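Open your viewer and show the chain as a cartoon. We will start with the whole fold and then select a few places one by one.

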Amino acid sequence: MTIQEKFDLAEDYDTDKETLIELAKDENDDVRRFVAQNYNTPIEVLKILANDEKEDIQFLVAENLNSNDEIFEILLNQNNAFLQSVVILNPQISDELLLKLSKDEDIRIKNFALERLEMKNSNSFDLSDNI
């Protein structure tokens with residue numbers, strides 16, 4: 001398979017999980033980047049990429065809207081404040097994980113998690129109020 005074919009498959013939303021798993025293990029960093037950016041990449045594949053040696057690939061996983069708390073926990077174990085900030089900004093992060101981060105030793109992460117939690121909860125509303 002040519003590198004261009006790999007790129008095309010990695011960014012195609014219709015690529016099957018098995019192919020994405022193989023592409024997530026590809027030796028070419030750019031192929032793995034395309035997989036990490038694909039919003040249809042399944043959790044199992046994102047897990048592989050969350051453990052990638054390349055930091056920029058981890059950042060793309062942190063931004064992926066398919067990521068969940070299981071993926072975020074892997075990324076948060078990297079002890080990288082900037083990566084933690086990207087995780088905090090992902091709209092898929094749970095309140096529970098934000099609460100956990102609000103107890104972080106790093107005051108920047110702690111405050112950012114608290115701000116994000118406050119912002120997230122102030123934007124939520126109860127539809128029953130409008131009935």
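Begin with the whole protein. It has 9 helices and 0 strands. Helices (H or I, at least four residues) and strands (E, at least two) are DSSP runs, numbered from the N terminus. Follow the sequence and the pattern reads α-α-α-α-α-α-α-α-α.

This is a predicted model: local features need pLDDT of at least 70, side-chain atom pairs count only at pLDDT 80 or more, and totals for chains, interfaces and linings use all residues. Numbering starts from 1 along each chain as its sequence is written, and side-chain values use heavy atoms, with hydrogens and water left out.

Now turn the model around. Along its principal axes, the C-alpha trace spans about 55 × 40 × 20 Å. Of the 131 residues, 39% are buried. Buried means under 20% relative accessible area, exposed over 50%, and partly exposed in between (1.4 Å probe, protein chains only).

**Stop 1: phenylalanine 34**

Select phenylalanine 34 in helix H3 (residues 29-37). Phenylalanine 34 counts as partly exposed because its relative accessibility is 25%. Which residues does phenylalanine 34 touch, not counting those up to four places away in sequence? Show Phe7, Ala10 and Glu11. A contact here means heavy atoms within 4.5 Å. Next, pick the C-alpha atoms of phenylalanine 34 and leucine 9. They are separated by 8.8 Å, although these two residues are 25 apart along the chain.

**Stop 2: asparagine 79**

Move to the loop between helix H6 (69-76) and helix H7 (81-89), where asparagine 79 sits. Is asparagine 79 buried or exposed? Asparagine 79 counts as exposed because its relative accessibility is 67%. Check its backbone too: asparagine 79 has a positive phi of about 55°, although it is not a glycine. Most residues other than glycine have a negative phi.

**Stop 3: the largest pocket**

Asn79 also belongs to the lining of the largest pocket. Select the other lining residues, including Glu73, Leu76, Gln84, Leu97, Lys100 and Asp104. H6, H7 and helix H8 (95-101) each give two or more residues to this lining. The largest share, 3 residues, comes from H8.

What is a pocket? On a 1 Å grid over the protein atoms alone, it is an open set of points where a 1.4 Å probe fits, with protein on both sides within 12 Å along at least five of seven lines; lining residues have an atom within 4 Å of a point.
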